[in-house]
Amino acid sequence: MRRRVRHACGYIGLAMFRHAEAELQAIRGIEKARPEVRSVRVDLHLAARAWRRVIAVARPLARSHPGCENAWIGWAFALRELQRVAQAKEVLLEAERHGVAEQARGAPDDRVVVGVDRVRIRRHEEARPPLPH
């Protein structure tokens with residue numbers, strides 16, 4: 001399983017989303033439901049800009065594993081991308097109640113910045129065109 005997850009992460013980094021999906025699909029049985037596998041699936045859908053899929057994977061992951069910051073951040077980010085900002089704020093407030101905001105602020109890779117009014121994943125933010133005013 002770990003090898004497949006590493007390969008999927010590599011493919012995501014190369015924007016080879018079909019290959020990443022194939023690696024994740026090849027994980028069988030109970031391993032497929034592990035939080036680390038589901039979290040990489042969130043990353044895959046974020047990178048592919050498949051916002052509804054992000055929500056479909058991230059919401060149940062956040063609910064079942066409240067300490068999984070990637071689920072909360074991905075869920076809120078996808079909501080924001082769908083112009084559902086009020087819902088994104090609610091997700092972040094709920095994440096904060098679980099202590100996720102503090103974890104994310106102290107993330108060593110500085111990949112995620114969490115705020116109640118704004119969610120930003122830097123690597124996706126740079127690739128995304130600005131919203132029209």
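Predicted model: local features only at pLDDT ≥ 70, side-chain atom pairs only at ≥ 80, totals over all residues.
**The whole chain**

- The protein chain has 133 residues, and 42% of them are buried.
- Its accessible surface comes to about 7,600 Å², and carbon and sulfur atoms account for 53% of that.
- Take the contacts with a separation of 6 or more: 48% of them are between residues 24 or more positions apart.

**H3 and H4**

- To describe two packed helices, you give the angle between their axes and the distance between the axes.
- For H3 and H4, the axes come within 8 Å and cross at roughly 155 degrees.
- Angles over 145 degrees count as roughly antiparallel, so that's the label for H3 and H4.
- The crossing of H3 and H4 is left-handed.
- On the H3 side, the contact is made by Pro-35, Arg-38, Ser-39, Arg-41, Val-42, His-45 and Leu-46.
- On the H4 side, you'll find Trp-51, Arg-53, Val-54, Val-57, Ala-58, Pro-60, Leu-61 and Ser-64.
- Sorted by class, the H3 and H4 contact has nine nonpolar, three polar and three charged residues.

**H3 and H5**

- Helix H3 covers residues 35-47 and helix H5 covers residues 69-81; they pack at an angle of about 25 degrees, with their axes 10 Å apart.
- Angles under 35 degrees count as roughly parallel, so H3 and H5 get that description.
- The crossing of H3 and H5 is left-handed.
- Here Ser-39, Val-42, Asp-43 and Leu-46 of H3 meet Asn-70, Gly-74 and Phe-77 of H5.
- By class, the contact of H3 with H5 has three nonpolar, three polar and one charged residues.

- Look for Ala-58 in helix H4, which runs over residues 51-64.
- Ala-58 counts as buried because its relative accessibility is 0%, and the cut-off for buried is under 20%.
- What does Ala-58 touch, once residues up to four places away in sequence are left out? The answer is Val-42, Ala-71 and Trp-75.
- Ala-58 and Asp-43 sit 15 residues apart in sequence, and from C-alpha to C-alpha they are 9.5 Å apart in space.

- Ala-15 isn't a glycine, yet its phi is positive, near 60 degrees.
- You'll spot Ala-15 in the loop between helix H1 (2-13) and helix H2 (17-25).
- With 49% relative accessibility, Ala-15 counts as partly exposed.
- Arg-49 isn't a glycine either, and its phi is positive at about 60 degrees.
- Arg-49 lies in the loop between H3 and H4.
- Is Arg-49 buried or partly exposed? Its relative accessible area is 39%, so Arg-49 is partly exposed.

Notes
Residues numbered from 1 in each chain as written. Heavy atoms only, no water. Helix = DSSP H or I, 4+ residues; strand = E, 2+ residues; numbered from the N terminus. Buried < 20%, exposed > 50% of the residue type's maximum accessible area, 1.4 Å probe, protein only. Contact = heavy atoms within 4.5 Å. Axes fitted to C-alpha atoms, helices over the stretch in contact; angles between N-to-C directions. Parallel < 35°, antiparallel > 145°, perpendicular 65-115°, else oblique. Left-handed = near helix turned anticlockwise from the far one by under 90°. Nonpolar A, V, L, I, M, F, W, Y, C, P; charged D, E, K, R; others polar. Areas by Shrake-Rupley, 256 points an atom, 1.4 Å probe, with all protein chains shown as cover.
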